[in-house]
Amino acid sequence: MATLKQVAAHADVSVQTVSNALNAPHRLRADTLERVNRSIELLNYRPNRNARSLRTSAVELIGYCVPNWPNQTHLVMDQFLHALCAAAEGSGRHILLFTAPPGVDGMPTYDDLHARRMVDGFVLSQTETHDPRHGWLKDQGIPFVSFGRVWKQTTQPGPWVDVDGATGSAIAVRHLYETGRRRIAFLGWPKSSGLAEDRVTGWRTACKDLGLPVSGLTVRCREDSISEGARGTARLLDAGRDVDGIVALSDILALGALRELTRRGLTPGRDVGVVGYDDSPLAEVVSPGLTSLRQPMDQIAEELIAILTGPETGTPAECLLQPELVIRGSSAPG
């Protein structure tokens, strides 16, 4: 394998110039940078990641713990992982995927990965109130950023990127209202979920702003599953609430709503408008197609990597992105 000195000799430049080409290309003239890059390619030079990291403290290999959702299907994980890897590679870095138990039990895994210089920083998700990872990473001086806010804390424990769930639910309500719906229900998760509370708050606020009823129109599903979405929809319909619209916290719950409506001989989009959340791959293959709120996965990933690898600002970076409503047949006007 070629060395830095060999590349410098081949390009007839100093070792520092080669280092600048790799780490600070803006410092070089265009013709010099082109000559060095040509030598790097011809000699198939690959930087020693560990040595560079020790010298520069650069975030080059980023760890991400793949979440575990027992008895649940998370339809957007593949989209997120692809976007995260692409964003990292676009900045000259890579993602190392691993698994670890939640909470304190998982900390030895994070410690081991960093101690062995397998990673230089972490992207976190499934963050919880008083999550032990934030404090430990801060104490160790290890860069990190969270996908998602930490709920029930007055201040965020570190930098984060999130999607505005409350605004998303409000967008869904207004869309159903514009199609003539006047009794719009919400299928959600238990109150223990901060994300669920954020989205149901958006639904409730939008309904009140539009003069729509909210009493008796919320169902708390025990888990994020199609069967629970169907069960929740059945409860709404059996209660005689004359529901003509449903905003679901996830596409999974919305798919359950479509199944229950169809089972009862009702036509989604005509008799009851349904909107999901995530715009997962199944949203456009079911019949009718599921109207859903799309999370901007590419932008989420790019913001996460930018915050993680950018210069320190002295204050936690925060980025709240907006979802996009993708309209399909499940919410077509009645």
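**Close-ups of a predicted model**

**View 1. The open sheet.** Six strands line up as S7-S6-S8-S9-S10-S12 in an open sheet with mixed pairing (strands are DSSP E runs of at least two residues, helices H or I runs of at least four, both numbered from the N terminus; two strands pair if DSSP finds at least two bridges between them). At the edges sit strand S7 (218-220) and strand S12 (324-326), each pairing on one side only. From one strand to the next, the twist averages 20°. This is a predicted model: local features need pLDDT of at least 70, side-chain atom pairs count only at pLDDT 80 or more, and totals for chains, interfaces and linings use all residues. Residues are numbered from 1 along each chain as its sequence is written, and side-chain values use heavy atoms, leaving out hydrogens and water.

**View 2. S8 beside S9, with two helices.** Strand S8 (residues 245-248) runs parallel to S9, paired over three bridges, and Val247 faces Val275 in S9. Helix H8 (residues 165-178) packs on the sheet and touches strand S6 (184-188), S8, S9, S10 and S12, its direction making about 160° with that of S9. Helix H11 (residues 251-263) also packs on the sheet, touching S6, S8, S9 and S10, at about 155° to S9 (axes are lines fitted to C-alpha atoms, for helices over the stretch in contact; angles run from 0 to 180 degrees between N-to-C directions).

**View 3. Ser280 in its loop.** Ser280 lies in the loop between strand S9 (273-278) and strand S10 (291-294). Ser280 counts as buried because its relative accessibility is 2% (buried is under 20% relative accessible area, exposed over 50%, partly exposed in between; 1.4 Å probe, protein chains only). Neighbours within four places in sequence aside, Ser280 contacts Leu75, Val76 and Asp251 (contact means heavy atoms within 4.5 Å).
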